Amino acid sequence: MARLQILELPMVHNGDQTETPFVLVIDQADDGLADEIRNWPDDIARRVGARQVLSFAGTVDIPANDTSAYAAMTHAEPDFTGPLTGIEVRRPCPHCDDQQMIPRSQFAEHVARLHPDQPAVDA
Ligand SMILES: [Zn+2]
């Protein structure tokens, strides 16, 4: 099964406008598809907005298009049973002039260290 891929080229600035030119890459073009592509109109690249259309019988991997990590991520089931990881809950310190946001895990230590005259806080 042939694959259509976009190979982005370096961004081009034209005054206020920016454009990301690209090449349309068609790989795994077997079963006669390569011959078919050869018969596409000469202006096919312009018609699809690409700088060029390239086709290959073999496989061409474009690293920027590697979505395997994303695919693994989207197929993973969220785990709501364990403690929250990677999320830092913060609360504003009522004693700091700028209401600094302090991580909850460090709040008691923050109050004890910076506001020793205030009552101790439960963590
Ligand atoms: Zn504070």
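This is a predicted model: local features need pLDDT of at least 70, side-chain atom pairs count only at pLDDT 80 or more; totals for chains, interfaces and linings use all residues.

Visitor: What is the strand order in the open sheet of three strands?

Guide: Strands count as paired if DSSP finds at least two bridges between them. The pairing in this sheet is mixed, and the order is β1-β4-β5.

Visitor: Which strands stand at the edges, and why is one side of each left without a neighbour in the sheet?

Guide: Each edge strand has a single partner strand, so one of its sides has no neighbour in the sheet. The edge strands are β1 (3-8) and β5 (52-55).

Visitor: Do β1 and β4 pair in the parallel or antiparallel sense, and over how many bridges?

Guide: Strands of a sheet pair through backbone hydrogen bonds, either parallel or antiparallel. Leu4 stands opposite Ile26 in β4, and Leu7 is opposite Val23 in β4. For β1 and β4 (residues 22-27), the sense is antiparallel, over six bridges.

Visitor: Which residue in β5 is the bridge partner of Val23?

Guide: β4 and β5 run parallel and are joined by four bridges. In β5, the partner of Val23 is Gln52.

Visitor: What share of the protein's residues counts as buried?

Guide: A residue is buried if 20 or more other C-beta atoms lie within 10 Å of its own, exposed if 12 or fewer, and partly exposed in between, with C-beta atoms placed from the backbone. Of the 123 residues, the buried share is 2%.

Visitor: Where is Asp30 found, and how far apart are the C-alpha atoms of Asp30 and Met1?

Guide: Asp30 is in the loop between β4 and α1 (33-38). Asp30 counts as exposed because it has 12 C-beta neighbours inside 10 Å. Although Asp30 and Met1 are 29 residues apart along the chain, their C-alpha separation is 7.8 Å.

Visitor: What is the phi of Gln28?

Guide: Gln28 is also in the loop between β4 and α1. With 16 C-beta neighbours inside 10 Å, Gln28 counts as partly exposed. Its phi is positive in a residue other than glycine, near 55°.

Visitor: And what about the phi of Gln99?

Guide: Gln99 is found in the loop between β6 (90-92) and β7 (101-103). It counts as exposed, because 11 C-beta neighbours lie inside 10 Å. Gln99 isn't a glycine either, yet its phi is positive, about 50°.

Visitor: Which residues does Arg91 touch, not counting those up to four places away in sequence?

Guide: Arg91 sits in strand β6 and counts as partly exposed, with 13 C-beta neighbours inside 10 Å. Contact means that the C-beta atoms of two residues, placed from the backbone, lie within 7 Å. The C-alpha atoms of Arg91 and Phe107, 16 residues apart along the chain, are separated by 8.0 Å. The residues touched are Ile102, Arg104 and Phe107.

Notes:
Residues are numbered from 1 along each chain as its sequence is written. Helices (H or I, at least four residues) and strands (E, at least two) are DSSP runs, numbered from the N terminus.
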